[in-house]
Amino acid sequence: MLTLTSPIETWLHRVPAGVKLAGLALATLVIVPMTNLYWIAVAAGLVTALYLTQGAAFARTGARRLWPLWPVLAVLAVWHVVTGDLMAGVGIALRMLTAIALANLVTMTTRLDDLIAVVERAARPLARIGLSPRTLAVAIALVIRFTPVLLLRAGQLMEAWRARSPRRPGWQVVVPLTLTALDDAERVAEALRARGGL
Amino acid sequence: MERNVTLIALFAALIAVLGLVPKIDLVSGVPITAQSLGVMLCGTVLGARRGALAVLLFVFLVALGLPLLAGGRGGLGVFAGPSVGYIIGFPFAAFVAGWVTEQWRSGVGLPAFAGAILGGIVVLYAFGIPGMALVLGKSLPEAMLLAAPFLAGDIIKAGLAGLITSGIAKVRPGVVLSRG
C-alpha cells in the first residue's frame, strides 16, 4: 500500500525522524495560539519557504494535499462574511493551513519505517505493562497487509451485489464484510500460533 | 493473545476500508462516508476494550502517515485540522459503544444502537466540537452549529450499526464478542 511519503528525495528526508517530530510539536505549540495576523503571515511565509526549498514539484504536491480542506475554508468564508470580520477569518484560515502544511511536510519527508522505529523506541517502556514492541509491530504490519485485502473483498461483495440488483450497493454489504474481518482474524491468529505465537 | 491482536488489527483495517470504499449508499441516493460507522462497529462487535484498541491502532497508523482516513487522507496534518477532536475521540467513542453493548444484556440490536448513539455521537461530539472550536477559532455554541448538519447522518449510522451488529449475531452467534 502507498504511504503519503514523497518519492522526491530532499534534504529534509535526511533529517532524523525524531528531530522532525520534536520540531513539529514545538512549532505547532507556537502556531496554534497565534491570533495576530502579522505573526500568522510570518509563520505561513516560513512554511511556504520551507516547502520551496524542497523543490517546485514537491511544493506543488504539498499544495495539492491541502486541497481537501476547501469545504472548511468555504464555511469559514461564509461565516466571516456574515459576521463582518473578514480579517479574523483570514487569520484563522491561514493559521490552520500553516499548521497542517507543516505537519504534512513531516509526513511527506519521513519514511514509514523510520517513524515505526521511533515508535518502537518510544513504546519500549510499555513493555512493562504487557505491550511488547514486537506485538505492536505485528499489529501494524497486519493492518498494512489486510487493508488492501479487505478493500478487495469489499469490491467483490459490491460487484456481486451489482450482478443481482439494479440498485447501488447498500449498507447490507457491511455485514459480510465485517464477518470477513472476524473470520480472517481467527485464521491469522491460528497461523501465528502455529508459528510459535507472539 | 494472538486472537486479540489479529481481531484488533483486522478491525483497524475494516475502519480504513469503510472510509475508502467509495459508493455504499447509506441512505438511498446519499453516499456518505462510513468511517464513523466502522468506529461504532469496533465497539459494538469487539466490545469496549478490544474495540477501543482497534480504533487506537487505526488512529495511530493515520498519524504515522498511512492514507487511511476517508478520501485517502492521513499524516500528522490531520491532527492540526478541524477534525482533530473527532479523530482523538474515535477510540473513546468505540469504548463507550462497546461498554453499553456489553452491559445491556437483552438482545443485540437495541443495545448496539444505544451504544452507537452514546459513544459514536454523544462522546464523539464531546471531543469533536471543542477541537473544531479551537482550530476554527469559534466559540463552543458556534462550533456546535457547524457540527449540527452531520447529526442526521450519524443517527442513521448508529441505526445501521445496530442492524449490522444484530445481523452478525444472527448469522454467527457467539462471534459477537461484546456479548462474550
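Reader: Which residues is B:Gly128 in contact with, leaving aside its neighbours within four places in sequence?
Author: They are B:Gly85, B:Tyr86, B:Gly89 and B:Ala147. Two residues are in contact if their C-beta atoms, placed from the backbone, lie within 7 Å. Please note that this is a predicted model, in which local features need pLDDT of at least 70 and side-chain atom pairs count only at pLDDT 80 or more, while totals for chains, interfaces and linings use all residues. Residues are numbered from 1 along each chain as its sequence is written, and chains are lettered from A and ligands numbered from 1 in the order in which they are written.

Reader: Where is B:Gly128 found, and is it buried or exposed?
Author: B:Gly128 belongs to helix α5 of chain B, residues 109-136. Helices are DSSP runs of H or I with at least four residues, and strands are runs of E with at least two, numbered from the N terminus. B:Gly128 counts as buried because it has 25 C-beta neighbours inside 10 Å. The cut-offs are 20 or more other C-beta atoms within 10 Å for buried, 12 or fewer for exposed, and partly exposed in between, with C-beta atoms placed from the backbone.

Reader: How many residues separate B:Gly128 and B:Tyr86 in sequence?
Author: They are 42 residues apart in sequence, and 4.1 Å apart in space from C-alpha to C-alpha.

Reader: Let us turn to chain A. Why does the span of helix α7 agree with what it should be?
Author: Helix α7 of chain A, residues 133-164, has 32 residues and should span 46 Å at 1.5 Å a residue; its end C-alpha atoms are 46 Å apart, so the two agree. The expected span is 1.5 Å times one less than the number of residues.

Reader: Where does the kink in α7(A) lie?
Author: A kink of about 30 degrees lies at A:Phe146, shortly before the proline A:Pro148. The bend is the angle between axes fitted to the seven residues ending at a residue and the seven starting there.

Reader: What covers the buried residues of α7(A)?
Author: The cover includes α6 (112-122) and α8 (174-194) of chain A, together with α1 (2-20) and α3 (48-63) of chain B. Among the buried residues of α7(A) are A:Ala139, A:Leu142, A:Val143 and A:Phe146. B:Ala9 touches these four, and also B:Leu57.

Reader: Why is A:Arg162 exposed?
Author: A:Arg162, also in helix α7 of chain A, is exposed because it has 12 other C-beta atoms within 10 Å.

Reader: How many residues does each chain give to the contact?
Author: Chain A gives 53 residues and chain B gives 51. On the side of chain A that touches chain B, the largest share, 13 residues, comes from α8(A). By class, that side has 39 nonpolar, ten polar and four charged residues. Here Ala, Val, Leu, Ile, Met, Phe, Trp, Tyr, Cys and Pro count as nonpolar, Asp, Glu, Lys and Arg as charged, and the others, Gly among them, as polar.

Reader: Which residues have the most contacts inside the largest nonpolar core?
Author: They are A:Val143, B:Ala9, B:Phe11, B:Ala12 and B:Phe58, in a core of 108 residues. A nonpolar core is a set of buried Ala, Val, Leu, Ile, Met, Phe, Trp, Tyr and Cys residues joined through C-beta atoms within 7 Å. The most, 14 residues, comes from α1(B).
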